[in-house]
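Please look over the model below before reading the numbered points.

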Amino acid sequence: MIVERWTWEVRPDNQSEVIESLKALVKALGFTPRICTYRFGAVDKVVSDIEFESFLDREKWWEGVDRNLPEYLAWIEKQSDLTEAGRTCELLIVH
């Protein structure tokens with residue numbers, strides 16, 4: 001199994017809106033939303049994890065993503081106002 005982890009640095013006072021927007025987006029894309037924040041540490045970050053059985057499953061899924069979904073378009077439109085530049089995407093292998 002692999003996990004695709006996205007991390008955003010949130011601008012002040014926008015964390016709740018980022019969380020709700022990401023939950024809606026991830027759900028619309030067909031996954032159970034797993035959106036995380038830090039209890040302590042990097043308190044200005046929001047993390048989203050999506051699990052796939054294999055790298056091939058991930059590639060096939062991304063090929064089929066409908067980038068015209070209202071939730072996708074809403075996130076793209078708001079993202080730069082809610083977050084700082086420099087989001088990251090990591091692929092983790094679950095052992």
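**Notes on the predicted model**

1. In the protein chain, 73% of the contacts between residues at least 6 apart in sequence join residues at least 24 apart; contact means heavy atoms within 4.5 Å.

2. This is a predicted model, in which local features need pLDDT of at least 70, side-chain atom pairs count only at pLDDT 80 or more, and totals for chains, interfaces and linings use all residues. Residues are numbered from 1 along each chain as its sequence is written, and side-chain values use heavy atoms, with hydrogens and water left out.

3. The protein chain has three helices and four strands, in the order β-α-β-β-α-α-β from the N terminus. Helices (H or I, at least four residues) and strands (E, at least two) are DSSP runs, numbered from the N terminus.

4. Of the 95 residues, 34% count as buried, that is, under 20% relative accessible area with a 1.4 Å probe, protein chains only.

5. The whole structure holds seven aromatic pairs. Rings of Phe, Tyr and Trp (its six-membered ring) pair if their centres lie within 6.5 Å; planes under 30 degrees apart count as stacked, over 60 as edge-to-face and the rest as tilted. Trp 6 and Trp 8 are stacked, at 6.1 Å centre to centre and 15° between the planes.

6. Trp 8 and Trp 75 have ring centres 5.6 Å apart and planes at 85°, so this pair is edge-to-face. The pair links strand β1 (residues 2-9), which holds Trp 8, to helix α3 (residues 70-82), which holds Trp 75, 67 residues apart. Trp 8 is buried at 5% relative accessibility, and Trp 75 is buried at 4%.

Notes:
Buried means under 20% relative accessible area, exposed over 50%, partly exposed in between (1.4 Å probe, protein chains only).
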